[in-house]
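Student: I have a protein model to look at, and I would like to learn how to read it. Could you guide me through it?

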Amino acid sequence: MSWHRGRAEDCALIAGAESLLYGELDGRVAARVAEFCGVGIGVGDRIGLFEGTSVDYIVSLLALIEVGAVACPMNTRWPESRVREALAGIGAVLLGEALE
């Protein structure tokens, strides 16, 4: 799957002080897909994302989409108890815990 129509050397995204070229983004997404598949994350799995806006967040989101998992972004302003309640309500696990 290709995430862009630009050239590998064109800027794909900027988040704060960090930026990625399309080629770099593709490489990071591919690596994250391999990581997710390696721990058994697959089609239909519900995975909670609980991190602020960042390049890593975008990479994880794109990788989950590519794997066929259901990305479930959580509000980073919520306390942990509310996040846990929401995850349980939708049958999702938190990304970091899914990798353990």
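This is a predicted model: local features need pLDDT of at least 70, side-chain atom pairs count only at pLDDT 80 or more; totals for chains, interfaces and linings use all residues.

Student: How many helices and strands does the chain have?

Tutor: There are 4 helices and 5 strands.

Student: What box do the C-alpha atoms fill?

Tutor: Taken along the principal axes, the box is roughly 40 × 30 × 20 Å. The chain has 100 residues, and 31% of them count as buried.

Student: Now the helix. What span should α2 have, and why?

Tutor: Helix α2 covers residues 55-67, which is 13 residues, so at 1.5 Å a residue it should span 18 Å. Its end C-alpha atoms are 18 Å apart, in agreement with that.

Student: Which residues of α2 are buried?

Tutor: Here is the general idea: an α-helix has 3.6 residues a turn, so residues three or four places apart point the same way. In α2, the buried residues are Val 55, Tyr 57, Val 59, Ser 60, Leu 62, Ala 63, Leu 64 and Val 67.

Student: What comes just after α2?

Tutor: There you find Gly 68, with a positive phi of about 95°.

Key
Residues are numbered from 1 along each chain as its sequence is written. Side-chain values use heavy atoms; hydrogens and water are left out. Helices (H or I, at least four residues) and strands (E, at least two) are DSSP runs, numbered from the N terminus. Buried means under 20% relative accessible area, exposed over 50%, partly exposed in between (1.4 Å probe, protein chains only). The expected span of a helix is 1.5 Å times one less than its number of residues.
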